[in-house]
Amino acid sequence: MTADRKIGDVLLDVEGVSMTFGGVKALDSVSFDVKEREILAIIGPNGAGKSSMLNCINGFYHPQEGMITFKGVPRHQVRPHEAALQGIARTFQNIALFKGMSTLDNIMTGRNLKMKKNFLWQALYFGPARAEEMEHRAAVENVIDFLEIEAIRKTPVGRLPYGLQKRVELGRALAAEPDLLLLDEPMAGMNLEEKQDMCRFILDVNDEFGTTIVLIEHDMSVVMDISDRVIVLDYGLKIADGSPDEVRANQDVIDAYLGISHD
Amino acid sequence: MTGDTPISGNLDTFPKLLAENARVRGDKPASREKDFGIWLSWTWGQVAEEVRAIACGLAALGVKRGNKVTICGDNRPHLYWSMTAVQALGAIPVPVYQDSVSDEMQYIYEHAEAKFAIVENQEQVDKLLEIRDRTPDLEHIVYKFPRGMRNYDQPFLDLLADIEERGRAFDGENPDFYEDSVAQSTGADIAIMLYTSGTTGRPKGVMLSFDNLVITGRNGVIRENLTEDEDMLAYLPMAWIGDNIFSIAQAYITGFCVSCPESSETVLEDLREIGPTYFFAPPRIYESLLTTVMIRIEDAARIKQRMFHYFMGVARRVGMDILDARPVPFGERLLYWLGNILVYAPLKNVLGLSKVRVAYTAGEAIGPDIFTFYRSLGLNLKQMYASTEASVFITIHPDGDVRPETSGTPAIDVEVKIAADGEVMFRSPGVFRAYYKNEEETNKTKAADGWVHTGDAGFMDDEGHLHIIDRSKDVGKMTDGTMFAPKFIENKLKFFPHIMEAVTFGHNKNYVAAFINIDLESVGNWAERRNLAYMGYPDLAGQELVYKLISECVAQVNADLAADPHLAGSQIKRFLILHKELDADDGELTRTRKVRRTIIAEKYADLIDALYSDKDHCPIEAEVTFEDGRTGTINADLRIWEAPLSDTLVTQAEAAE
């Protein structure tokens, strides 16, 4: 199905990134790149530094060493909202939605950075702010239609089952119309059917919007099915980088997953 | 046969009626659909343009007079228009149930020799691609929604919008083509072919003419005084005859507007937004609405609960009489008026039923409690007795004389008689032409003089109301000679909100036994209130307390049966709760959710044997079919319980000993 999809130039380049928390080296000089319209999976055992990597990419952590280049622009000390403005959106391992707000409002918050009118205009509501609101609502409805969540448009998110909350969170990330989408364990805690749905949405997002996706996932069958490329982290070190088949055959990866002792 | 009389003014086909509507009320809305959260509407004038474009596009694609064109998908205006467009070309639309699995589709495509398919989306296209090498007649597939179709490059796939574009070009080159084509069809031509699910054997293709649909539709319009101002929500499958009469025939005849829901999951929300005046729902929808109301009331504040129960008491006493315009004391009227302000009107508003003038239910028996609940709220709910072979209407409750236990009096132009063996028979202008390529079944069902066998056992009472008892072939005898009417007993069980489905056995047996499906929503809620933990349906169904709950329901049914000396012998002695819900995908129910007894009896033969032994449990391994056609197995060990019997039987049994 992905036959004629074109993987383009390098979108994100991670060069020798290191990150320590006290004495723990979460990331140890990790380098890799992500190409446009690619689906890249980061895998590795617990504590391997996967989430730290995502946090570095979207500016939540600042690596002590190394350089991250996004769209050809090297960045220093980027903060999360700046990363978001540049076109990076993400979802979280533990769902981070506004539980009391409806699906629609939650996804609308994904548009927040795109709203140009100041809050006085928004409070007035009429005129340009109204036109802007309608434009954003249309974009949100597009996402709702895409993710097939029309039926829960007005339901408070806290009342939804887990699988649907995950979908709403993906919706909020999509509403920002990102160039790079970071997904932190999008299938965690889902049943088989929900996983299949989520896989389909991830592939569709990539296919329809041309969004580049970096995802962390533990379910190997999912990773092998949907990724173009897989990188493997173990104790902060990158131990493999290649197509799913290459990674599957890599002895270091097998060792890491079987738990060879580290001296 | 009366069906052969032509309709006045030559408006005898849907394309002709459409042109008339575009002329008379071109600016009035004809179709609505909610998309991207907004209701879009099309006027009759616009619909006529769209239909013309689709028809011309299909002609350019090669659709010829007499070709079969399948239509498959959720209720979408474009699919409805496609049906009319196909008819405009003199071809025959064959709507197919959108949730059919590939194998069922293959049979219909093969049998109907369908050359073209117009489907909603990728899901339906995928199903057709899967069966394509087994359906050589299928030449071309047209789809409405491009989503996910980007990488499908097969030459026989086309987007509906592209077809319309081609149609407009074709129309420009052949400006007289459309009108000529429409003028060639007459009322006697076949308008649609519907495959009836049938509780036995393969589906049969029921051929209905324009006259069948138009005359029957018009008779229904006259009986209920429908006008062009009605609002209708089209949410039931397009492959079902009712939708063809309500959402197409009657809409085209009167010119009312038909709205399509955003998706099948948003129907209740859409219902509230549209506020239909003319409404149809099968009993299970009324049941689930009522269940939701009751669950929500239990969660409401004490004062609201008391208000609700007090005024529902008032409604039960006098609501039905007020609706049927019978005399009611002034004090009670005043209370009902107050209740309407405080409870009934807000409740109907929440359900989206505020504006309903006529609401129908059919297909299965509706519980008398549910039926009277809605009527006492002032909702004009009526039962009817319907069949595909009759173009829907056989009998309907007349206004002012609605009784829950009957199916009403014959519809306009319909004759009903009871055959010597108790079978209900009818003759009407709506009687189908024939089953497609199945002369044997046609002759078995439809006599030369036009009388049709329904296969249902029933009787007419003194006031001319029809009572339906059961499917004739299902009515059996127990070993002691007691009459055994399975559906009658099952309906009594299903009237309990906790019971979703029931299958009873008893023919040629010495007692009656039952399979029960619990209602996950209702029992789940009940369990939550008791802090009863469960993991999904199979677990909940096996819980001791749930068995106890169901046992109480069965005991009540037994008490009911015991009250009737003819039926006292058919009390339920043993029952079990199935570990999975009966499902149409597994072939256990028809697509209209009727129980297929022979298949269930085969599939669960072990369980039935266990019911008629002294075992108190039985292991079972069942195969389930998922939506994408894959299969899996479920293992369970089911308990079997003895149900409490009511007195009459016990004393009889003692006397016999």
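Let's start where the two chains meet: 12 residues of chain A and nine residues of chain B make up the contact. Keep in mind that this is a predicted model. On the side of chain A that touches chain B, the elements giving two or more residues are α5 (128-146) and α7 (192-209) of chain A. Of the elements there, α5(A) gives the most, with five residues. Sort that side of chain A by class and you get seven charged residues, four nonpolar and one polar.

Now hop over to chain B and look for its open sheet of four strands. Reading across, the order is β2-β1-β11-β10 (chain B), and the pairing is mixed. The edges belong to β2 (38-43) and β10 (231-233) of chain B; each has a single partner strand, so one side of each is left without a neighbour in the sheet. On average, neighbouring strands of this sheet are turned by 20° against each other, direction ignored.

Next, zoom in on one pairing inside that sheet. As background, strands of a sheet pair through backbone hydrogen bonds, either parallel or antiparallel. Here, strand β1 (residues 29-35) of chain B and strand β11 (residues 257-260) of chain B run parallel, joined by three bridges.

Finally, bring a helix into view. Helix α10 (residues 267-274) of chain B lies across β1, β10 and β11 of chain B. Relative to β10(B), helix α10 of chain B runs at about 175°.

Note on methods
Residues numbered from 1 in each chain as written. Chains lettered and ligands numbered in written order. Predicted model: local features only at pLDDT ≥ 70, side-chain atom pairs only at ≥ 80, totals over all residues. Contact = placed C-beta atoms within 7 Å. Nonpolar A, V, L, I, M, F, W, Y, C, P; charged D, E, K, R; others polar. Pairing = 2+ DSSP bridges. Axes fitted to C-alpha atoms, helices over the stretch in contact; angles between N-to-C directions.
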